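Trainee: I would like to learn how to read a few local features. Please take me through them.

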Amino acid sequence: MYFSRFLSLHALWVTVSSVMQHYPSVWGHYDVCKTQIYTEEGIVWDYMACQPEATDMTKYLKVKLDPPDITCGDPPETFCAMGNPYMCNNECDASTPELAHPPELMFDFEGRHPSTFWQSATWKDYPKPLQVNITLSWNKTIELTDNIVITFESGRPDQMILEKSLDYGQTWQPYQYYATDCLDAFHMDPKSVKDLSQQTALEIICTEEYSTGYMTNSKIIHFEIKDRFAFFAGPRLRNMASLYGHLDTIKNLRDFFTITDLRIRLLRPATGEIFVDELHLTRYFYAISDIKVHGRCKCNLHATVCVFDNSKLSCECEHNTTGPDCGRCKKNYHGRPWSPGSYLPIPKGTANTCIPSISSIGIAPKLTLSTVSSVQVANHKRDCECFGHSNRCSYIELLNTVICVSCKHNTRGQHCELCRLGYFRNASAELDDENVCIECYCNPFGSIHDRCNDTGYCECKEGTSGPKCDECLPGNYWLEGCRPNVCDNELLHCQNGGTCHNNVRCQCPAAYTGILCEKLKCEKEVGGCSSRSNQAAHPQAPLLLLTALLGTVGPYLL
């Protein structure tokens with residue numbers, strides 16, 4: 001009996017030894033992410049996080065305009081200079097190259113002479129809003145490393161939103177709001193990035209910093225990436241190890257700087273004044289001469305090279321990983337759950353290399369997790385298949401089935417194939433991708449709850465609309481949720497000559513009060529309203545009385 005037990009233990013040791021031969025000699029070793037550097041001690045290896053170099057990402061994007069015919073020049077039209085509405089000798093003509101302003105001129109090399117730019121049609125259809133969506137798509141997940149910079153050839157818009165998508169344009173989240181008056185435009189108090197802190201670095205703000213001024217040096221709009229980095233890395237980003245440590249441990253922080261698409265929503269052109277000059281509408285338009293987006297391919301710290309081939313970016317994955325973003329282990333390398341690499345170099349960081357599966361190197365199926373705890377093994381009844389979101393499963397003998405335990409990456413279900421409540425399926429990701437489930441981001445004021453449907457749409461409260469329930473239906477205004485308009489100038493809800501202000505309240509003439517200006521002020525005074533003051537307040541009172549009398553005796557006059 002002892003001899004047979006010795007043979008069993010010996011067989012187990014041989015098996016485990018064969019597994020260990022497939023493991024890297026140093027668990028945190030960045031085998032492909034190192035370089036030799038010269039120091040006082042001689043040549044040494046310098047280890048780093050595995051990621052492609054940052055570069056100008058506008059070289060790889062596709063641009064889409066909505067509406068598609070918003071670019072000027074078809075038909076040809078003239079437009080006026082912003083600073084001088086009477087100088088209207090500028091021309092846009094799509095059929096003449098030197099007079100055309102197509103979208104690709106937002107991304108061309110900008111020399112000093114001449115200045116090239118994209119331009120929209122003018123606001124000739126005022127008061128209909130002049131609104132344009134400019135969508136930049138990479139068909140690849142990328143990580144931003146520097147400020148997004150937009151240079152306008154015309155004045156900076158009075159109202160604009162910068163938005164991001166993490167699911168290839170299926171759903172959108174705001175990055176930042178821009179306005180000359182944030183409270184009026186978006187019902188938000190104005191802020192700048194300087195008002196934020198490490199705890200609020202990911203707050204979505206409305207800023208008025210970039211929405212005024214029409215001189216040459218006042219045409220640039222920023223989305224401040226580096227200022228947010230500085231909350232973690234310190235001034236001038238001297239403590240990058242601190243930033244990397246936070247990126248390693250806070251997924252929301254990584255996701256904040258991660259995008260697949262950007263959208264610039266131009267909502268109101270620069271007017272330079274409170275009122276629009278309806279006699280010179282050709283002075284109002286959008287024109288962008290340059291957009292800068294600096295970043296790198298997201299490869300989950302499993303690649304140092306990202307190639308552009310057949311108009312598509314893709315990571316050259318290392319560490320036995322695969323997928324567009326190196327987001328899963330290669331076949332037969334699911335020995336432990338996939339995980340992104342670390343931003344920190346060894347010994348603090350780890351490459352999280354995928355290791356061979358037990359079944360791929362011939363381990364007997366009766367081994368259990370307690371025997372070799374660091375690798376995934378087969379259940380004695382059935383393989384544990386959790387799409388890489390768990391390495392633990394439990395066999396339920398009564399049902400003759402296996403269920404996954406402790407699903408990660410916001411998944412749930414028997415095989416971690418479903419999304420947790422508050423998340424929905426990323427249709428562009430495979431089931432074993434760590435980004436397979438995306439947060440709903442339902443607006444807490446506009447939605448009934450924080451859950452959404454399979455396409456990311458939230459269930460909205462009455463009067464509220466939009467995929468995230470952050471927009472108001474006509475007849476409503478936003479104030480911590482959508483509320484019915486108190487008044488409306490077109491429907492003339494305000495009485496006795498009152499005018500509607502921002503759909504929220506009626507501005508009443510001096511003699512009237514009440515929500516809709518329906519009451520005489522003198523009714524609140526001691527003694528009430530005298531007949532004289534009443535007639536003075538009602539210049540049409542005699543006519544109203546005569547009408548009432550005619551209505552009473554009319555039948556008898558017939």
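Mentor: Start in the loop between β22 (401-405) and β23 (411-412), where His409 sits. Helices (H or I, at least four residues) and strands (E, at least two) are DSSP runs, numbered from the N terminus. This is a predicted model: local features need pLDDT of at least 70, side-chain atom pairs count only at pLDDT 80 or more, and totals for chains, interfaces and linings use all residues. Residues are numbered from 1 along each chain as its sequence is written, and side-chain values use heavy atoms, with hydrogens and water left out.

Trainee: What is the phi of His409?

Mentor: Positive, about 60°, although His409 is not a glycine. His187 also has a positive phi, about 55°.

Trainee: How many salt bridges does the structure hold?

Mentor: Side chains of opposite charge can pair when their charged atoms come close. A salt bridge here is a side-chain nitrogen of Lys or Arg within 4 Å of a carboxyl oxygen of Asp or Glu. The structure holds ten. One of them joins Arg265 and Glu163, with the closest N and O atoms 3.2 Å apart. Arg265 lies in strand β14 and Glu163 in strand β10, so the pair ties together parts 102 residues apart in sequence.

Trainee: Is Glu163 buried or partly exposed?

Mentor: Buried means under 20% relative accessible area, exposed over 50%, partly exposed in between (1.4 Å probe, protein chains only). Glu163 is buried, at 7%. Arg265 is partly exposed, at 21%.

Trainee: Which residues are linked with Glu163 in a network of salt bridges?

Mentor: Arg263 and Arg265.
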